[in-house]
Amino acid sequence: MAQPTMEEIFKPFMSQPVQDKAYVRLATANIGAVIMPFMIFYQQSAIVDKKLSPKDVHIARVDTIVGSFVTQGIMCAVIITTAAAVWEKEGPRNLNSIEEIADVFSTHLGEEAGKVLFSMGLLGGALVGGLVVSLTAAWGLGELMGLRRSLEYKATEAPGFYLTYTLMIAFGAVVAIMYPNPIELEVFVEILNALLLPVVLGFLYVLAYKALPEEHRIKGSYALGVAILFSLCCGVALYLCILETIDAAV
């Protein structure tokens, strides 16, 4: 198995090939995948659905911080390990399809074990993504239309909520089946997420700065730090989106 050294892991960070169109496209998509607008809306609605109160703010923050580090740590570990395994075996290589990615695991773990492991990871990610997007849409539309919108209700008690949830899953399944290249579809969706990021984070900041009860508002140096961090994320996302648009036009 691949065992990259710390130097091999961190050295590429010192030279970012921003002139490479494929790299810019993937970097833009990665921002949209990591800071996904749907996740922000999902968490807000989930907190309401769980009926958390102001006294639960601390534990909710801890839960979010721990979850963020654990999930991103796992993601980084998978990316680094997979990249190192590919590099060790074949050198630089583009992976443009599900089959090619699965082959990387099969080469090192054996055909059956590699396919099973990759399928489990793909299925887990798909289930989480499907739940997040579908529930977010169902909660959001339910709030907009004044419908009952909670997982505590049965389908007969909140038909609009469950109908929206089901239709979103069905729509996503149809698009995924009909689109010829799932990788290309995934990258496009994540780039769209990156483009929407400034709007979502902008409204989130305004809510945290002005709309929350006084005791829960972000203030002072903390508010400034959050503003700088949000601005950096949005600035990088917009910059990469502009580069991607220019490259696509050329």
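Colleague: What makes up the protein chain in terms of helices and strands?
Modeller: The protein chain has 9 helices and 0 strands. A helix here is a DSSP run of H or I with at least four residues, a strand a run of E with at least two, numbered from the N terminus. From the N terminus on, the order is α-α-α-α-α-α-α-α-α. This is a predicted model: local features need pLDDT of at least 70, side-chain atom pairs count only at pLDDT 80 or more, and totals for chains, interfaces and linings use all residues. Residues are numbered from 1 along each chain as its sequence is written, and side-chain values use heavy atoms, with hydrogens and water left out.

Colleague: What box do the C-alpha atoms of the protein chain fill?
Modeller: Roughly 55 × 50 × 40 Å, taken along the principal axes.

Colleague: How many disulfides does the structure hold?
Modeller: The structure holds 0 disulfides. A disulfide is a pair of cysteine sulfur atoms within 2.5 Å. The cysteine sulfur closest to that of C233 is in C234, 6.7 Å away, so the two are too far apart for a bond. C241 is in no disulfide either; its nearest cysteine sulfur, that of C234, is 11 Å away.

Colleague: What makes E152 and K51 a salt bridge?
Modeller: A salt bridge needs a side-chain nitrogen of Lys or Arg within 4 Å of a carboxyl oxygen of Asp or Glu. For E152 and K51 the N to O distance is 3.0 Å. The pair therefore qualifies. By this rule the count comes to 4 salt bridges.

Colleague: Why does the pair of E152 and K51 tie together parts that are apart in sequence?
Modeller: E152 lies in the loop between α6 (111-145) and α7 (159-178). K51 lies in the loop between α3 (37-49) and α4 (57-90), so the pair joins parts that are 101 residues apart in sequence. E152 and K51 are both exposed.

Colleague: Which residue forms a salt bridge with D56?
Modeller: K55 does, with the closest N and O atoms 3.6 Å apart. K55 has a relative accessible area of 70%, so K55 is exposed. D56 has 17%, so D56 is buried.

Colleague: What joins E214, R217 and K219 into one network?
Modeller: R217 and E214 meet in a salt bridge at 3.3 Å, N to O. Salt bridges that share partners join E214, R217 and K219. R217 is partly exposed, because its relative accessible area is 31%. E214, at 45%, also counts as partly exposed.

Colleague: Why does H108 count as partly exposed?
Modeller: Its relative accessibility is 24%, so H108 counts as partly exposed. H108 lies in helix α5 (residues 98-109). H108 and F10 are 98 residues apart along the chain, and their C-alpha atoms are separated by 23 Å.

Colleague: What share of contacts comes from residues 24 or more positions apart?
Modeller: They account for 63% of the contacts in the protein chain with a separation of 6 or more. Contact means heavy atoms within 4.5 Å.

Technical notes
Buried < 20%, exposed > 50% of the residue type's maximum accessible area, 1.4 Å probe, protein only.
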